Amino acid sequence: MKWLLFHVVAWRDPQRYIQLRCAAMRLLGTLGAYEHEHLTYLRRLVGPGALVVDVGAHFGIYTQALCSLVGTAGRVHAFEPQTRVFDALQNVTSQPAR
């Protein structure tokens, strides 16, 4: 599926591919169709005001969920080493970078 997305849909353009993957992952996360069990488990562990770190944040599915869980009193630090993916990650939430 990734090959098809990259070669056919994104026309072998890495930036377009990342944008498409990011949009797809966000949609799956919003619908609760991505890593449902993991996200449910996080709700039991993380509460308002918490400080959490998302290492290897990728497209930010967990980052977005964690931001919602910690609220305005908490902080989420998300790290992503891939520059292009990091750029997409910065647009995950309308909240200020944390």
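At roughly what angle do the axes of helix 3 and helix 4 cross? They cross at roughly 25° and come within 11 Å, with axes being lines fitted to C-alpha atoms over the stretch in contact and angles running from 0 to 180 degrees between N-to-C directions.

This is a predicted model, where local features need pLDDT of at least 70, side-chain atom pairs count only at pLDDT 80 or more, and totals for chains, interfaces and linings use all residues. Residues are numbered from 1 along each chain as its sequence is written, and side-chain values use heavy atoms, leaving out hydrogens and water.

Here are the elements, taken from DSSP runs (helices H or I, at least four residues; strands E, at least two) and numbered from the N terminus:

| Element | Residues |
|---|---|
| Helix 3 | residues 36–45 |
| Helix 4 | residues 61–70 |
| Strand 1 | residues 51–55 |
| Strand 2 | residues 75–79 |

Helix 3 and helix 4 are therefore roughly parallel (angles under 35 degrees).

As for the strands, strand 1 and strand 2 pair (at least two DSSP bridges) in the parallel sense over five bridges. Valine 55 sits opposite phenylalanine 79 of strand 2.

Definitions and conventions. Angles under 35 degrees count as roughly parallel, over 145 as roughly antiparallel, 65 to 115 as roughly perpendicular and the rest as oblique.
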